[in-house]
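Thanks for coming, everyone. I have a short tour of two residues today.

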Amino acid sequence: MNYAAIKYCDIANGTGVRTVLFVSGCRNHCKGCFQPETWDFSHGKPFTREVEEEILASLEPSYIRGITLLGGDPMEPENQKALLPFIKRLKERYPKKDVWAYTGYILDRDLVSGGKCYTKDTDPLLSLIDVLVDGPYLEEEHSIMLKFKGSANQRLIDCRHYQKTGEIVEVD
């Protein structure tokens, strides 16, 4: 997997102060995407063990609430495969840090058994994500008034609740 950027001390992509990882690769190609260069799976730099360690070190301060996975799209099958072992390590080292992920795919359609992005890594990865922002960015539903999402169709889902019950509950 490649990544496009890492932002430290970000406050725009989830609650609290966060580290944000922008992965490369996305097949959704949403009209009006703010980072179309990340559609290319080979864009950016390789996501190496050294990069993982830098990110993990950035999460050490108590004022850092967690990590956010953006893209590209972290739920592309290739990216799930690379992110799962990393997020497992993160949760082992920092069990109280939360994980947010943004995807243009729909949780209960594309990320379930038989869905277009479902792999053997999907359920284990989703079990480590606290909040999943799902749905494609729709330019015609864009509003700067929306909290933590770009268009009104997107949902901020309590992923832990979904994993336990199969019920989608949105968070504020």
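Buried, in this talk, means under 20% relative accessible area. One more thing before we start: this is a predicted model.

Let's take Q154. Where does Q154 sit? Q154 is in the loop between β6, residues 131-134, and β7, residues 155-158. Is Q154 buried or exposed? Its relative accessible area is 9%, so Q154 is buried.

Now the surroundings. Set aside the neighbours within four places in sequence. Q154 then contacts V133, D134, G135, P136, Y137, K149 and E170.

What does the side chain of Q154 reach? There are two backbone atoms to point out here. The backbone oxygen of G135 is at 3.1 Å from the Q154 side chain. The backbone nitrogen of S151 is at 3.0 Å from that side chain.

One distance for orientation. Between Q154 and D10 there are 21 Å in space, C-alpha to C-alpha. In sequence, Q154 and D10 are 144 residues apart.

Next stop, S58. S58 belongs to helix α1, which covers residues 49-58. Why does S58 count as buried? Because its relative accessibility is 15%, and the cut-off is under 20%.

The S58 side chain has a polar atom 2.6 Å from the backbone oxygen of I55. What does S58 touch beyond four places in sequence? S58 is in contact with Y8, T19 and I64.

To recap. Q154 is a buried residue in a loop. S58 is a buried residue in a helix. Over to you for questions.

Notes
Residues are numbered from 1 along each chain as its sequence is written. This is a predicted model: local features need pLDDT of at least 70, side-chain atom pairs count only at pLDDT 80 or more; totals for chains, interfaces and linings use all residues. Side-chain values use heavy atoms; hydrogens and water are left out. Helices (H or I, at least four residues) and strands (E, at least two) are DSSP runs, numbered from the N terminus. Buried means under 20% relative accessible area, exposed over 50%, partly exposed in between (1.4 Å probe, protein chains only). Contact means heavy atoms within 4.5 Å. A polar contact is a pair of N or O atoms within 3.5 Å; within protein, one must be able to donate a hydrogen and the other to accept it, and residues adjacent in sequence count only if both atoms are side-chain atoms.
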